[in-house]
Amino acid sequence: MKKILSAFVVVMVSALAQSAPSVSLSVPKGWIEDVAKARAKAALQGKFVLMAFSGSDWCGWCVRMEKEVFSQQEFVGKASRKYVLVMIDSPRDKSKLSDLAASQNQEIARQYRIGGYPSVVITDSKGEEVNRHSGYVRGGPKAFLERLDKLTAGVKRPSLGMGAYPLGQGDLAPLLVCRAGECTGELEVDVNLEVSRRPVKTLNAKNCDMEAVRALLDRMAAEINAMTAGTGGSPATHLKALDALFGQYAKEAKLSKEEMLEAQIRLLFRLCKGAQSPDVRKAAETKQAELMRRAKSAEDYIASEELRLMPDGLPLDGMFQWEAPKKLSAAVSEGSLSDKGLRSAQREVLKTVRKMQIAKGAAANAVTMLAACETSEEAKKRLSELDGAFSSYEKLRTAALGRFAYSADEKAAAKVGILKDHIDLLKAIAEQIGNEAAAQVNARISELEAMAGAMDKDRHSNRQPRKP
């Protein structure tokens with residue numbers, strides 16, 4: 001029996017040792033290895049795709065490039081503003097590769113005729129090659145970033161996929177029909193006060209008239225193409241026509257008001273970023289602002305596209321999160337809330353989460369702009385905007401805690417936690433931007449650290465028992 005068990009253990013250990021990792025071991029932080037995903041992300045964000053071809057366990061120059069450049073935060077942070085970074089490794093030990101890399105890397109290397117390592121190939125979002133570089137580059141991140149700038153000099157940066165070339169039904173379908181990847185579904189709160197999203201609907205012949213939906217998409221694409229080409233009337237005329245088409249589309253696709261607003265704003269966001277004409281861009285920005293005001297006044301949740309444009313590696317996703325306060329959750333668990341009280345609490349949680357997401361969108365916009373700053377004056381403006389977003393977040397959280405009878409110390413602890421989140425985010429940004437702007441960010445970090453220290457000191461002094 002012992003022999004059988006021992007043999008079983010050996011087989012299991014061997015199987016586990018041979019199982020493929022979920023991500024190839026050679027992929028540095030801030031890089032991905034899924035080429036299809038990288039191209040989709042590049043199209044959405046208006047970036048190039050940078051593919052680094054490596055032989056991580058046999059090519060000495062590849063090892064040096066990974067250590068000195070590709071894994072350095074200075075390189076990842078700055079390069080991510082312009083490129084989606086993809087690592088294509090070809091090690092001798094194939095067990096180091098994920099299943100995805102094992103299935104795609106050899107074909108990608110063959111497709112781009114890679115004959116030497118390390119090599120870098122820059123493409124657009126459709127996979128068309130822009131330029132390439134082969135070999136090791138001395139001088140670390142700065143030298144290699146300069147080399148990349150030369151490789152893309154004179155090459156127009158990709159647009160966000162709208163306004164730079166004629167659109168077809170296929171360009172709009174991922175945004176409006178197959179909504180799983182774009183629209184996020186409506187927020188809801190369950191009886192345990194946990195926030196989630198209703199599953200999004202994939203439109204098909206069973207739940208709507210797909211022929212009518214496709215016809216509307218064709219008409220929308222035609223309006224956008226006419227607007228960007230400057231034919232058939234002013235931008236405002238085309239936007240008015242798009243409004244009417246959206247109304248028809250919402251009925252055919254059975255969209256909620258929230259989903260329709262979100263889809264319109266996402267489409268206009270791309271048009272604002274990608275339009276070549278200043279008149280078209282201005283009209284789209286005006287219309288987008290109008291829809292955003294309507295969305296906020298209706299307290300609808302609108303996911304911010306700016307989150308998708310942030311440099312990789314900045315820790316915003318873990319911030320601006322709000323869960324039901326522990327005391328309220330405890331009341332739910334104990335069953336001490338009446339049905340009316342529970343419904344009221346659910347509405348309160350939903351309202352707060354929606355407002356929190358608006359604050360998160362404002363912060364994402366400020367962070368995106370701050371990470372691109374070069375001068376002290378630009379940095380001051382963006383820091384002020386980020387301060388405003390964190391201030392909104394802090395007020396929301398403090399007000400919510402106040403409604404559920406939290407002590408002054410508990411509320412002070414929440415404020416200190418938010419300050420520390422703010423500090424951590426600024427430290428990450430400071431590593432990615434130029435000296436003049438970074439100095440301004442570091443000065444703000446010092447101010448916030450002093451504030452957090454003073455608040456912590458006040459909290460501890462208030463806790464101490466009074467002397468008789």
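The model is predicted, and the values given here are computed from it. Two packed helices are described by the angle between their axes and the distance between the axes.

**Helix 8 and helix 9**
- Helix 8 spans residues 210–229 and helix 9 spans residues 235–253, and their axes come within 10 Å while crossing at roughly 165°.
- Because angles over 145 degrees count as roughly antiparallel, helix 8 and helix 9 are placed in that class, and the crossing between them is left-handed.
- On the helix 8 side the contact includes Leu216, Leu217, Met220 and Ile224, and on the helix 9 side the residues met include Leu239, Leu242, Leu245 and Phe246.
- Sorted by class, this contact comprises 15 nonpolar, 2 polar and 3 charged residues.

**Helix 14 and helix 15**
- Helix 14 (residues 339–371) packs with helix 15 (residues 376–403) at an angle of about 165°, and the axes lie 8 Å apart.
- Helix 14 and helix 15 are therefore roughly antiparallel to each other, and they make a left-handed crossing.
- Helix 14 contributes residues including Glu348, Lys355, Ala359, Ala363 and Leu370, which meet a set in helix 15 that includes Arg382, Leu386, Ala389, Tyr393 and Arg403.
- By class, the contact of helix 14 with helix 15 holds 14 nonpolar, 2 polar and 5 charged residues.

**Cysteines**
- The structure contains 0 disulfides.
- Cys59 counts as buried because its relative accessibility is 7%, under the 20% cut-off, and Cys62, at 2% relative accessibility, also counts as buried.

Methods: Residues numbered from 1 in each chain as written. Predicted model: local features only at pLDDT ≥ 70, side-chain atom pairs only at ≥ 80, totals over all residues. Heavy atoms only, no water. Disulfide = S-S within 2.5 Å. Buried < 20%, exposed > 50% of the residue type's maximum accessible area, 1.4 Å probe, protein only. Axes fitted to C-alpha atoms, helices over the stretch in contact; angles between N-to-C directions. Helix = DSSP H or I, 4+ residues; strand = E, 2+ residues; numbered from the N terminus. Parallel < 35°, antiparallel > 145°, perpendicular 65-115°, else oblique. Left-handed = near helix turned anticlockwise from the far one by under 90°. Contact = heavy atoms within 4.5 Å. Nonpolar A, V, L, I, M, F, W, Y, C, P; charged D, E, K, R; others polar.
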